[in-house]
Amino acid sequence: FLSEDAPDATFAIDLGRLDARAYDHLAVRLRGDAGSGFNPALKVGFRRPKPGGRGLFEDGSEVVTGVGADWRRVLVPLNRLTGVTDWSDVGAFFVALESRRASVRRGGYFLDDVALVRTGKRGPSIRDRVVPARKQAWLRSLGGEQAAQPKLRERLAGWPRRLLAEKRDLPADPRAFLLRVARDTWRGLDSLTDREHGLPVDNVILDRTSLAPRDARIGDYTNVTSIGLHLIAVVAARELGLVSAPEARHRLEKSLATLERLERYDGFFYNYYDTTTLERTSNFVSFVDSSWLTAALIVVRRSVPELGDRATRLIDAGNYAFFYDPVAQQMSQGYYVNVPTWSEYHYGTLYTEARLGSVIAIGKGDVPEEHWFRLWRTFPPDARWQTQPPKGRAPKVADGHRYRGGWYEWKGVRYVPSWGGSMFEALMPTLVLDERRFAPRSLGANDEAHATIQARYATEQLGSSFWGFSPAAVPGGDGYGEYGVPVLGALGYPAAAVTPHAAALALAIMPEAAVANLDGLARRYDVYGDFGFYDAVDPRSGAVAYRYLALDQAMILISIANHLKDGVVQKRFASDPIVARALPLFAKEDFFR
């Protein structure tokens, strides 16, 4: 029975802590009850506790269609149940009926012979690697990956001349300091780009004692978001006078020509490509990464009219309805082409970097406006895993759309939380969207709250003068870490490493404090090199991640351009018809009323 107060129904079998690793398929027989009525679609799946998830769960599910009044045996590969990462600790089997998938509100089903089976045919999974055959052959011809590093260096447009810049040469004047950072950062972005294809390499890791290419690691692959922000960075460099208009256009033309050559799926780009051979190295088509590339193409066509038609063709090739789940009314994280199936997870939290993709999808007319109001401002109080219970979580109405509001509070400051409490979740969209202008009572007010608490948390909780917590390279180690201010997130990442790109993002909100923070980092720690700031520093130990990440460096440059050139990138973005159609969304909401 489904009603407005109980829109979904779930039947579950407790499996304890079942080890299902030996099996590869779910088998179940089911039919609808012809006497009481039924719907032809059900969701079946498994649930297990999320490791370290503080009460969170992983669901792996499949929608079964064509349910009838006669018995039917359903066989579902477990590899299609993408939400479960480990089959050693399965807690329950469930069958769910969702109201937005149901035309019949009352009825029944019969289930029998629910079993895990081993067929020996697991099928493809989301963990399958894509092997770039041409790249592997090229590496073998050179003697392997390490031996190929000097050859990869030759493909780049430049290379750093020194590990560290002289601190005494950094300008004292705030504007001059930012111009110096912008100039050095642009040289790095321009240099660490494949000279033939015009795509940024994902990262370059330098040895603490040597700049020789043989001692470095060049990550000669790229991500769709990194490509997008590289395009915007070229526009930003032109606006700052770091590159001439003809040179900027030449760089953009080369990058767009490469994009036109890359393999796509249903108009969207795969998440990763090899910058040497242009082979895709991912089976995943990502919503949030696709939307950042679209945002960049919007900026390009508003900034360089001569490239408008090429950018527009790439924008129009993908319909964001592809990612839209009409049942959840949220955007799927993406699609695994090889399985093939959707990610089990959705971008459900409003205040993350993915909100920009929702703005674009609505502005293009690809998804309904209602989607914006199905994003979580806060989670229900019974979600005990969240860092604090929400306040003011009352029903609200905006332009006829019903939704739940609410906020968190820390030391007198109200805010709508992000997921992890990181700066890029909070402020990355402001690289292109002036939320203080267009959403002063909702997103803009929240941007100010998050930047303020980032700075105060460092001082008042950590006893540190430096702030800017966001996912970044691990200082003094290997890999990539998730960092944030715990109280700012519904889940909350730890506040450990400070990353300069996070401090730069705050230029849009608290410019004087942001400049002072960046200046202090550069003078206090060995974190500023020939190509500007390295990716992260641990203020407690002084350890530095001697890496240049294309994505993070582009965020620094674009932030500085917006600050010094009166929001130039933001204005270009807002002037586009796609964005202009979505801007009225923001006037309809007050987060804290």
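Predicted model: local features only at pLDDT ≥ 70, side-chain atom pairs only at ≥ 80, totals over all residues.
Reader: Fine. Which backbone oxygen does the side chain of Thr193 reach?
Author: The side chain of Thr193 reaches the backbone oxygen of Leu189, at 2.6 Å. Thr193 itself sits in the loop between helix H3 (174–191) and strand S8 (203–205).

Reader: Is Thr193 buried or exposed, and what is it in contact with?
Author: Thr193 has a relative accessibility of 7% and therefore counts as buried. Leaving aside its neighbours within four places in sequence, Thr193 is in contact with several residues, among them Arg155, Leu156, Pro200 and His230.

Reader: Switching to Ser343, where is it, and which backbone nitrogen lies by its side chain?
Author: Ser343 belongs to the loop between strand S18 (341–342) and strand S19 (346–347), and a polar atom of its side chain lies 3.1 Å from the backbone nitrogen of Tyr345. Ser343 is also buried, with a relative accessible area of 7%.

Reader: And what does Ser343 touch?
Author: Not counting residues up to four places away in sequence, Ser343 touches Thr82, Phe284, Ser332, Gln333, Gly334 and Tyr336. The C-alpha atom of Ser343 is also separated by 9.0 Å from that of Ile126, although these two residues are 217 residues apart along the chain.

Reader: On to the rings: how many aromatic pairs are there?
Author: The structure holds 35 aromatic pairs. In one of them, the rings of Tyr265 and Tyr335 have centres 5.6 Å apart and planes at 25°, so that pair is stacked. Because Tyr265 lies in strand S11 (residues 264–265) and Tyr335 in strand S17 (residues 334–336), the pair ties together parts that are 70 residues apart in sequence.

Reader: How do those two tyrosines count, buried or partly exposed?
Author: Tyr265, at 27% relative accessibility, counts as partly exposed, whereas Tyr335, at 11%, counts as buried.

Reader: What about Tyr534 and Tyr546, stacked or edge-to-face?
Author: The rings of Tyr534 and Tyr546 have their centres 5.0 Å apart and their planes at 75°, so this pair is edge-to-face. Tyr534 is in the loop between strands S27 (532–533) and S28 (536–537), and Tyr546 is in the loop between strands S29 (544–545) and S30 (547–549), so the pair ties together parts twelve residues apart in sequence. Both Tyr534 and Tyr546 are buried.

Reader: Which residues do ring pairs link into a cluster?
Author: One such cluster is made up of Tyr265, Phe268, Phe287, Tyr320, Phe322, Phe323, Tyr335, Trp342 and Tyr347, which are linked by ring pairs.

Reader: New topic, the sheet with S2: in what order do its strands run?
Author: Three strands form an open sheet in the order S5-S2-S7, and the pairing is antiparallel. Strand S5 (72–77) and strand S7 (109–117) each have a single partner strand, so one side of each is left without a neighbour in the sheet. Neighbouring strands are turned by 20° against each other on average, direction ignored.

Reader: How many bridges join S2 and S5?
Author: Strand S2 (residues 25–32) pairs with S5 over six bridges, in the antiparallel sense, and Val28 stands opposite Val74 in S5.

Reader: Last one: why is H14 largely enclosed?
Author: Helix H14 is largely enclosed by the rest of the structure because 13 of its 15 residues are buried. H14 covers residues 550–564 and reaches 21 Å from its first C-alpha to its last. The helix is followed by Asp566, whose phi is positive, near 55°.

Key
Residues numbered from 1 in each chain as written. Heavy atoms only, no water. Pairing = 2+ DSSP bridges. Helix = DSSP H or I, 4+ residues; strand = E, 2+ residues; numbered from the N terminus. Axes fitted to C-alpha atoms, helices over the stretch in contact; angles between N-to-C directions. Expected span 1.5 Å × (residues − 1). Buried < 20%, exposed > 50% of the residue type's maximum accessible area, 1.4 Å probe, protein only. Polar contact = N/O pair within 3.5 Å; in protein donor to acceptor, adjacent residues only side chain to side chain. Contact = heavy atoms within 4.5 Å. Phe/Tyr/Trp six-rings, centres within 6.5 Å; stacked < 30°, edge-to-face > 60°.
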